[in-house]
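Subject: Structure handover

Hi,

Here is the structure you asked about. My notes follow below it.

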Amino acid sequence: MEDFINISSKSAHWLKSKDGCTYQMRSLIYDSNFKLDKETLIAMAWISFPNLLTTFFVKESLFSLASAVGKPLQLDLATINNTRSNCARVKVQLDLLADLSKFVMMEIEDEKTKEINVVKVRIQYDHLPKYCTECILQGHSNEECRFFILSHVTLERKLQMRERQ
Ligand SMILES: [Zn+2]
């Protein structure tokens with residue numbers, strides 16, 4: 001038990017093997033979703049709520065709306081300072097493979113009548129990082145994928161060869 005406490009209290013420790021070499025050992029948190037050959041599709045992106053009433057340009061409301069698509073991280077300066085009235089922007093951490101919704105429903109309770117109104121708020125994705133579903137990688141789209149293009153080129157060549165024969 002004492003050994004276990006000693007090991008886990010250090011982020012890295014050194015092991016001396018029989019052949020005299022020293023190895024560094026680290027405790028890593030195991031994540032079953034983590035795959036070495038696949039890049040995570042978790043990305044940072046800005047989302048906007050165009051046409052949202054400025055009444056709701058408060059962190060709590062915007063974060064709650066943004067949580068519909070991912071983990072809200074921060075508001076942009078214009079939203080904080082209220083210098084742009086037509087849309088609020090929030091930076092979120094989202095999964096590019098997830099079905100990213102275009103709308104979020106917002107319930108607004110009337111303080112006097114206690115009546116609840118449901119408002120459909122549009123979500124705009126400002127700069128979604130490109131990703132390729134062929135390679136499961138960020139940085140390029142399927143259209144730009146060189147593996148995809150390569151396979152197309154070889155297919156075309158094969159067809160041309162067949163036509164010549
Ligand atoms: Zn690709």
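In what sense do E3 and E8 pair, and over how many bridges? The two strands pair in the antiparallel sense, over two bridges. Within this pairing, serine 48 stands opposite glutamine 124 in E8. Please keep in mind that this is a predicted model.

The sheet
E3 and E8 belong to an open sheet of four strands. Its order is E4-E5-E3-E8, and the pairing is antiparallel. E4 and E8 (124-125) stand at the edges. Each has a single partner strand, so one side of each lacks a neighbour in the sheet.

The core
The largest nonpolar core has 25 residues. Ile47, Phe49, Leu52 and Val90 touch the most other members. At least two core residues come from each of strand E3 (42-50), helix H2 (59-66), strand E5 (87-95) and strand E6 (103-109). In soluble globular proteins, nonpolar side chains tend to be buried together.

A buried aspartate
Aspartate 76 sits in the loop between strand E4 (71-75) and helix H3 (77-80). Its relative accessible area is 9%, under the 20% cut-off, so aspartate 76 counts as buried. Leaving out residues up to four places away in sequence, aspartate 76 touches Trp46, Arg84 and Arg89.

The surface
Met105, Ile116 and Val118 form a nonpolar patch on the surface. Together they have about 300 Å² of accessible area. Valine 118 lies in strand E7 (116-122). Valine 118 is exposed, at 51% relative accessible area.

Best wishes

Conventions. Residues numbered from 1 in each chain as written. Predicted model: local features only at pLDDT ≥ 70, side-chain atom pairs only at ≥ 80, totals over all residues. Heavy atoms only, no water. Patch = residues over 30% accessible without salt bridge, like charges linked within 9 Å, V, L, I, M, F, W, Y side chains within 5 Å. Areas by Shrake-Rupley, 256 points an atom, 1.4 Å probe, with all protein chains shown as cover. Salt bridge = Lys/Arg side-chain N within 4 Å of Asp/Glu carboxyl O. Buried < 20%, exposed > 50% of the residue type's maximum accessible area, 1.4 Å probe, protein only. Contact = heavy atoms within 4.5 Å. Core = buried A, V, L, I, M, F, W, Y, C linked by side-chain atoms within 4.5 Å. Pairing = 2+ DSSP bridges.
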